[in-house]
Structures are given as structure tokens and as C-alpha cells.
Amino acid sequence: MKFIRVSILAIMATMYSSQSYSQSMEFNNPIAEKRADPWVHKTASGEYYLIATVPEYDRIVLRKANSINGLKEAKEKEIWHKHKTGVMANHIWAPELHWIDGKWYIYFAAGEAENKWNIRIWVLSNSSADPMQGKWTEEGQIKTKIDSFSLDATTFVHNGKRYLIWAQNVRGGKHGTALVLSEMKNPTTLTGPEIVITEPEFGWEREKYNVNEGPAVIQKNGKIFVSYSASATNHNYCMGLLWINENTDLLNAANWNKSPAPVFYTNPDLKRYGPGHNSFTTSEDGKATIMIYHARDYKEIQGDELSDVNRATRARAVEWTESGFPDFMQNKKD
């Protein structure tokens, strides 16, 4: 696999110099307590839906509001529950809600009752106009070329083609998870090829565990940007950034660029620990890019980080540099 590389100083100068900030936006953070891996979908009519991982890892819940701040007090509804045996019965993680060709789809990760780490990507669908209504149908598993630990699928369209990006252990053992990209035949089927666009290589991606996961896509300024999360889900958790020129072949790994340093990470001064697994939406007026992510407000965790329930959903505005890159404003309070 080949990435285009430049020095850290040069790349940061390109990404973050000559910054032009718009008026900051205020959010009533946290938007949702005890909700990790958050995904917010904004409809064409301006409604916001929040879907996220619950700490019990046993169900999928959804809430709806007319504003991002409104999600905080919105009534939450359980729309699907894990199986008692077999597949889709353990570690229900990182659901995403997408509106595709007149139908709702949820991509999520799930393990087996008998082996919670045998995690794969699964899909639900719903033809109701409102995803909080109607019936959710189990569409089955997203079949990947390599049958291995897989999670955190997200989908987007570029030049009329739909793509899926997900995290997967493609090398086996303790190698950890890479991000894989493939074109899709339909919302539940990959056509391939399946290419690795990033894998853990820098120290900040390899703290405790080797992790690249939680991809989220922004298409803007002639580029496709993919944020992702790295390292264990404690205070070391942080966000990296990939990008590619929109007029190049997305399925050629050599066309993808990668920041050699994280773009968003722990800031003790702001009590922001382990920020990551984000998604993107827009403000009510559609003018500002909003990042939805999770973080804790303390560093020390008792026991395993996955058993700690206090990853909370937060929102913050994303600024854009004069060179057309997203600026996550690491030192700005939410």
C-alpha cells in the first residue's frame, strides 16, 4: 500500500495556515449522555435523527428533533433489539442511519451470542417515511472478501457510484483494524475491489491497540475527506484524517493522502478525553459543517475502557481553512 507523504510541518502548514473562522456556534453539550459512536442524519426537510451505541451493547435506539440542541431532550425509541442466540446477539455497536433510494438503512456491527468478538457488519431497512415508525427488516450481513472482524461501516455516493468504507482486521492476529473501501452494487452488496486506504502505522494509532476505525466522510472543496479514529477507546483515542482529490480514482490506494499527526485528540484543559468516532452533519441553516462525536470528561477509567459507560455525544462546528481543509479547532471548547 502506498500513501502520498510530506513532512509533518509541511502538511500542517497546508492544512491549517491562513485560517478563516466563521461565527462560532453554541451547543448544549453533551447532546446525549452515555451515547458513544454517534451518527446524526439530517433530512432534506431539516429533521435531525441521532443514533448511537448504548453502553449495554444490546439494542439500537433513535431520537428525533428539529435542531441539534433539541436532540438532548428528545424522546428516545428502541427500534431493534439483539438476538438471544446466534448472530446479531452481542456487542451491538456503532449504528449508522442512511436514506438511500427512498428507503432507510441502518449499518451496524454485532457479535454472536456464543462469541462476542466474532463481529461482522449487518444491515436493517425500513420503508417508512419516518425511521421511528414502520417495521425494521433484517437484511443480513455485508459480505466482505475476507471473512474477519469487521465493523463501523459508512456509505457515500460520488459521481453516481455508491461506496462503503469500514474497519476490518485484514491481516489477522494482533495487526488490528484497517479502513477498507469498496464500490457497492446496492445498499447491501459490495462489488469490489476492496482496497485498504489506511492502517495503523503511527504511534498515535497504536496506543494499547492497533486501531483505525469509525470513518466519516465529507465531500467539499474538490476533495473527499475521511476522518477516522485511532488507538484504544480511552484517553488515547483520537482522530486522523485522509483525503483524495475528487477527480481521481478512489479505488487506487496511491491516490489517498493521510495526515501524519492526529487532527483532534485529548485536551485535559477542556476536560475532553478520548474524542472520536465522529459523524458530520450541517447546521439548521445548512451553512456550517457540524461534527458529532463522543468523549469523556475524565481520564482515569476503572477496568476495561469498553465497560466504562460515560462516553457522551457532543457537537461542535468545523471551520475550513483558506486551502480548503477542515479545521477541528483542537483548543476550542465545545
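Four strands form an open sheet in the order 2-3-4-5, and their pairing is antiparallel. Strand 2 (36-42) and strand 5 (76-81) are the edge strands, each pairing on one side only. Direction ignored, neighbouring strands of this sheet are turned by 25° against each other on average. The model is predicted: local features need pLDDT of at least 70 and side-chain atom pairs count only at pLDDT 80 or more, whereas totals for chains, interfaces and linings use all residues. Residues are numbered from 1 along each chain as its sequence is written, and side-chain values use heavy atoms, with hydrogens and water left out.

Strands are DSSP runs (E, at least two residues) numbered from the N terminus, and two of them pair if DSSP finds at least two bridges between them. Angles run from 0 to 180 degrees between N-to-C directions, with axes fitted as lines to C-alpha atoms.

Strand 2 and strand 3 run antiparallel and are joined by five bridges; Val 40 stands opposite Leu 50 in strand 3. On strand 4, the bridge partner of Leu 50 is Arg 63. The hairpin of strand 2 and strand 3 has five residues between the strands, and Gly 46 in this hairpin takes a positive phi near 95°. Strand 2 is largely enclosed by the rest of the structure, because six of its seven residues are buried (buried means under 20% relative accessible area with a 1.4 Å probe, protein chains only).

The side chain of Asp 37 makes a polar contact with the side chain of His 277 at 3.2 Å. A polar contact is a pair of N or O atoms within 3.5 Å; within protein, one must be able to donate a hydrogen and the other to accept it, and residues adjacent in sequence count only if both atoms are side-chain atoms. His 277 is found in strand 19 (residues 273-282) and counts as buried, at 6% relative accessibility.

Strand 12 (residues 178-186) pairs with strand 11 (residues 161-168), with strand 13 (residues 189-190) and with strand 14 (residues 195-198). A hairpin through two residues joins strand 12 to strand 13. The table lists antiparallel pairs with their bridges.

| Strands | Bridges |
|---|---|
| Strand 3 (residues 48-53) and strand 4 (residues 59-65) | five bridges |
| Strand 8 (residues 120-126) and strand 9 | four bridges |
| Strand 11 and strand 12 | six bridges |
| Strand 12 and strand 13 | two bridges |
| Strand 12 and strand 14 | three bridges |

Among the partners, Trp 166 is bridged to Val 180 in strand 12, and Leu 181 stands opposite Ile 195 in strand 14. The bridge partner of Asn 186 in strand 13 is Thr 189.

A search of the whole structure finds one cavity of 30 Å³ or more. About 60 Å³ of space lies in the largest cavity. Of the 13 residues that line the largest cavity, the closest to its centre are Ala 36, Pro 55, Asp 308, Val 309 and Arg 311. A cavity is a set of points on a 1 Å grid over the protein atoms alone where a 1.4 Å probe fits but cannot get out, and lining residues have an atom within 4 Å of a point. The volume is the space filled by probe spheres set on the points, which are joined across faces, edges and corners.

Notes
1 Å grid on protein atoms, 1.4 Å probe; cavity = no way out; pocket = protein on both sides within 12 Å on 5 of 7 lines; lining within 4 Å. Buried < 20%, exposed > 50% of the residue type's maximum accessible area, 1.4 Å probe, protein only.
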